[in-house]
Structures are given as C-alpha cells and as structure tokens.
Amino acid sequence: MNRRNGPQKSSYLNIANDIPHGGEGERVLLECVPLDAKRILDLGPGDGRLVKLLKRDRPNMQAVALDISPTMLKMARGYFADDESVKLVEHDLIYPLQELGLFDAVVSSFAIHHLTHKRKRSLDSEVFDILNPSGIFCNLEHVASPNTASDFCPDLFKLLRLLLLLTDRCNVVYQ
Ligand SMILES: C[S@@+](CC[C@H](N)C(=O)[O-])C[C@H]1O[C@@H](n2cnc3c(N)ncnc32)[C@H](O)[C@@H]1O
C-alpha cells in the first residue's frame, strides 16, 4: 500500500468480499451499533462500505468518516455525492482526531491495524472522549493470535482428532 494514496482499488476492494469471516464480522458489528444511533464516526472507511451498511437500518443517521487515502475518499464521495448526511474528511489517523463533536458510535473495519500499538492506545482514549455516555466503539479487525486452537483447549482438540479418525475408519468399514 502506498501510504498517502492508500490501497489501490484493485488491491483491496477486489478482495473486500473475500476476507475470511469478514461478512460475519460485519454482521456482528452491525448488531452492536444501536438502531437509534444518530451520529456515527467511521475510522478508515475506504469506499464507505460500513457507512453504506449502517445506513440500511439507520436511514436518519449522520456519518463522519476519516481516511488518509484520496483514492478511497474519491470513491466514497462519488457514492455519497447526493447524501449530505455523510461527511468525508481526509485525515491521517497517526495524528490526533480533530474536533468532531460527540458520537453515539465510533466504528472501524480493517483499518486500525495500520497504526502502531502506541497510536492504537492513544486513539482508543481519543475515541472514548468523543463518545456519548451510552456510546459504543466497534472495531472489526484481524489480529494475530499468539496461540493455536490446540493451545486453547488441548483436550477438546484431541477429542476432535479422535472423532475424525473414527469417522474415517467408519467410512472405510461401510464403503
Ligand atoms: C482495508 S481498508 C478497509 C476499508 C473499509 N473500512 C472496509 O472495511 O471496507 C483500510 C482503510 O484504512 C485506511 N487507512 C489506512 N491507514 C490509515 C491512516 N493512517 N489514517 C487514515 N486512514 C487509514 C485506508 O486508506 C483504507 O481506506
């Protein structure tokens, strides 16, 4: 990714629908954002994918979306050209959030991992400060786990392997 221009359309948007479990993650995020949320901030909206999804069930919401990429912002601006309720702002999240007012929800998907851990922490606290008292921060991300599935529950893992082995044997017997 070119830092200033962000991902090229071909490199991210072409795979946006194929991120493993991405659709499930988006569904969970959408469930977490209250239907009566009026002001929503999207950090790293890309072409505005999340805002479009949020608006389906929240037609009266207002959105502010901050992205570093003029390419992505151009696409989002094209889509929301006739929609005054969506404000798209060029902003590099490595810098503190500008004065944006308070929000009922702050959302983000697959964007915050571009920041350093230190900046992620300071961004979390900036987000906390701009949320209404009942506001919610929903961040959909891929993260590297230090553990494998078998580390989490070794006994269950052994049992599953045994079941698979038995199933295999049964198949051999019955075929
Ligand atoms: C993988 S895309 C995800 C876009 C969108 N949220 C989605 O789920 O389809 C990551 C987005 O984060 C933006 N981004 C990356 N680093 C950023 C930064 N430092 N500041 C602002 N936006 C950033 C990129 O420009 C891009 O639009």
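A nonpolar core is a set of buried Ala, Val, Leu, Ile, Met, Phe, Trp, Tyr and Cys residues joined through C-beta atoms within 7 Å. A residue counts as buried if 20 or more other C-beta atoms lie within 10 Å of its own, as exposed if 12 or fewer do, and as partly exposed in between, with C-beta atoms placed from the backbone.

Before you start: the model is predicted, so local features need pLDDT of at least 70 and side-chain atom pairs count only at pLDDT 80 or more, while totals for chains, interfaces and linings use all residues. Residue numbers start from 1 along each chain as its sequence is written.

**Stop 1: the whole chain.** Show the cartoon. The protein has seven helices and five strands. These are DSSP runs, numbered from the N terminus: helices are H or I with at least four residues, strands are E with at least two. Their order from the N terminus is α-α-β-α-β-α-β-β-α-β-α-α. Of the 175 residues, 26% are buried.

**Stop 2: the sheet.** Select the five strands. They form an open sheet in the order S3-S2-S1-S4-S5, with parallel pairing. The edges are S3 (86-90) and S5 (131-140), and each pairs on one side only. On average, neighbouring strands are turned by 15° against each other, direction ignored. Axes here are lines fitted to C-alpha atoms, for helices over the stretch in contact, and angles run from 0 to 180 degrees between N-to-C directions.

**Stop 3: one pair.** Select 39-43 and 62-67. These are S1 and S2, parallel over five bridges. Two strands pair if DSSP finds at least two bridges between them. Which residue of S2 stands opposite arginine 39? Glutamine 62 does.

Stop 4: Select 49-57, helix H3. H3 packs on the sheet and touches S1, S2, S3 and S4 (103-109). Its direction makes about 155° with that of S1. Arg49, Leu50, Val51 and Leu54 of H3 are buried. The buried residues of H3 pack against helix H2 (22-32) as well as S1, S2, S3 and S4.

**Stop 5: the core.** The largest nonpolar core has 30 residues; Ile40, Ala63, Ala65, Ala76 and Ala105 touch the most other members. S1, H3, S2, H4, S3 and S4 each supply at least two of its residues. Zoom in on alanine 63. Leaving aside neighbours within four places in sequence, alanine 63 is in contact (C-beta atoms, placed from the backbone, within 7 Å) with residues including Ile40, Val51 and Val86.

Note on methods
Two residues are in contact if their C-beta atoms, placed from the backbone, lie within 7 Å.
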